[in-house]
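Hi,

Here is the structure I promised to pass on.

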Amino acid sequence: MSRLLVGLLIIVPLLAAGVLLWHGPIAQEQAYHAFVDQRAWAGVANAGDVLSNLPFLLVGGVGLWLVWRAWGRELAPAYGVFFLGTALTAFGSGYYHLAPTDATLFWDRLPMTLIFTAFVAIVTGECLGARLGARLLWPLVVLGVTSAVVWRATGDLRLYVFAQFVPMVFLPLLLLLRPPAVGARWFWGVLGCYALSKGLEAADAPVYHAGHGLLSGHSLKHIAAALATACLLPPLRRAKD
C-alpha cells in the first residue's frame with residue numbers, strides 16, 4: 001500500500017472528526033419530517049414514501065440468497081450484513097414514513113448503518129485484500145450502530161454524520177488509487193446512485209410539483225438508493241461462480 005494511500009485513509013477520517021468536534025452538537029431539524037407527499041392510499045398513510053421502500057426488500061432478499069450461495073468467500077459476511085441492512089431498511093424506513101418523528105426515524109437509520117459500514121468493509125476488502133476487509137467489518141458495524149444509538153440518546157448527530165458521509169469521501173479515493181481487479185464500475189455505481197438519492201431527497205417538493213404529483217423527490221430517493229444497493233449484486237454473483 002502506497003504512503004499516499006495510507007496517509008489519505010488516515011487523514012480524511014481524522015480531519016472529518018476534527019471538523020465535527022469543532023462544529024459542536026448537530027440536532028435533528030424537525031422540518032426534515034415534513035415531506036411533501038402526504039397522500040394516503042388503501043389505508044396506508046404517506047403511501048408514496050412508504051411503498052417506495054419495497055425495492056429495498058427485493059434487493060435485500062436476492063442479495064441474501066446470493067450470500068448463502070457464496071458463503072465460503074472471505075467477504076461473504078460483509079456482503080451478508082450489507083444485504084441484511086438493505087432488507088431491514090424496507091421495514092425501518094416504511095415504519096418511519098407512516099408517522100415521521102425522531103423516534104421512528106431511529107428505526108430508519110439503524111439498518112442503514114449496516115449498509116454504510118458493510119460497504120466500507122467490502123470496498124476495502126476488494127481493493128486491499130479480503131482479509132483486511134473481513135477484519136474491519138465488525139468494528140465498523142459497532143461504530144455504525146453506536147452512531148445511531150448515540151443520536152437517539154443525546155440528540156447529537158455528529159457521530160452518525162461521520163459514519164455515513166466520511167466513507168463517501170475516502171472510498172472514491174481508495175477506488176482511484178487502488179482499484180479492484182474486477183468490478184470497479186459497480187462500486188462507482190453504488191456511489192453514483194447514492195449521490196443521486198441525496199439530490200432527490202433535497203429536491204423533495206420541486207420534483208413532486210414538476211411531476212404533477214406523480215412521485216415526490218423523497219419517494220424517488222428510495223428507488224435510487226435501492227438501485228445503489230443493487231449495484232453490489234453483480235460482484236456478489238461473480239463471487240459465487
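Let me start with phenylalanine 91, which counts as exposed because its relative accessibility is 54%, over the 50% cut-off. Keep in mind throughout that this is a predicted model. Phenylalanine 91 sits in helix α4, and it belongs to a nonpolar surface patch together with Trp41, Leu51, Leu54, Leu57, Leu64, Leu84 and Leu88. Together these residues have about 750 Å² of accessible area. Two or more residues of the patch come from each of α3 (54–69) and α4 (76–98).

Next, the aromatics. The structure has 7 aromatic pairs. One of them joins phenylalanine 35 and tyrosine 96 edge-to-face, with 5.9 Å from centre to centre and 85 degrees between the planes. This pair links distant parts of the chain: phenylalanine 35 is in the loop between α1 (3–23) and α2 (47–51), while tyrosine 96 is in helix α4, 61 residues apart. Both phenylalanine 35 and tyrosine 96 are buried.

Another pair is phenylalanine 82 with phenylalanine 119, which is tilted: the centres are 6.3 Å apart and the planes are at 45 degrees. Since phenylalanine 82 is in helix α4 and phenylalanine 119 in helix α5 (residues 102–128), the pair ties together parts that are 37 residues apart in sequence. Phenylalanine 82 is buried at 1% relative accessibility, and phenylalanine 119 is buried too, with a relative accessible area of 2%. Phe82 and Phe119 also belong to one aromatic cluster with Phe83 and Phe187.

- Aspartate 204 is in helix α10 (residues 204–210). It counts as buried because its relative accessible area is 9%, under the 20% cut-off. A polar atom of the aspartate 204 side chain lies 3.1 Å from the backbone nitrogen of valine 36. Leaving out residues up to four places away in sequence, aspartate 204 touches Phe35, Val36, Ser216, Gly217 and His218, and Phe35 is the residue in the edge-to-face pair above. Aspartate 204 and tyrosine 95 are 109 residues apart in sequence, with 19 Å between their C-alpha atoms.
- Arginine 158 is in helix α7 (residues 158–165). With a relative accessible area of 19%, arginine 158 is buried, because the cut-off is under 20%. Its side chain reaches the backbone oxygen of glycine 24 at 3.5 Å. Beyond residues up to four places away in sequence, arginine 158 touches Leu20, Leu21, Gly24, Pro25 and Ile26.

Finally, which residues other than glycine have a positive phi? Alanine 42 is one of them, with phi near 55 degrees, and histidine 212 is another, at about 55 degrees. Alanine 42 is in the loop between α1 and α2, whereas histidine 212 is in the loop between α10 and α11 (217–230). Alanine 42 is exposed at 65% relative accessibility, and histidine 212 is exposed with a relative accessible area of 76%.

Cheers

Key
Residues are numbered from 1 along each chain as its sequence is written. This is a predicted model: local features need pLDDT of at least 70, side-chain atom pairs count only at pLDDT 80 or more; totals for chains, interfaces and linings use all residues. Side-chain values use heavy atoms; hydrogens and water are left out. Helices (H or I, at least four residues) and strands (E, at least two) are DSSP runs, numbered from the N terminus. Buried means under 20% relative accessible area, exposed over 50%, partly exposed in between (1.4 Å probe, protein chains only). A polar contact is a pair of N or O atoms within 3.5 Å; within protein, one must be able to donate a hydrogen and the other to accept it, and residues adjacent in sequence count only if both atoms are side-chain atoms. Contact means heavy atoms within 4.5 Å. Patches are made of residues with over 30% relative accessible area and no salt bridge: like charges are joined within 9 Å, nonpolar side chains (Val, Leu, Ile, Met, Phe, Trp, Tyr) within 5 Å. Accessible areas come from the Shrake-Rupley method with a 1.4 Å probe; for residues, only the protein chains shown count as cover. A salt bridge is a side-chain nitrogen of Lys or Arg within 4 Å of a carboxyl oxygen of Asp or Glu. Rings of Phe, Tyr and Trp (its six-membered ring) pair if their centres lie within 6.5 Å; planes under 30 degrees apart count as stacked, over 60 as edge-to-face and the rest as tilted.
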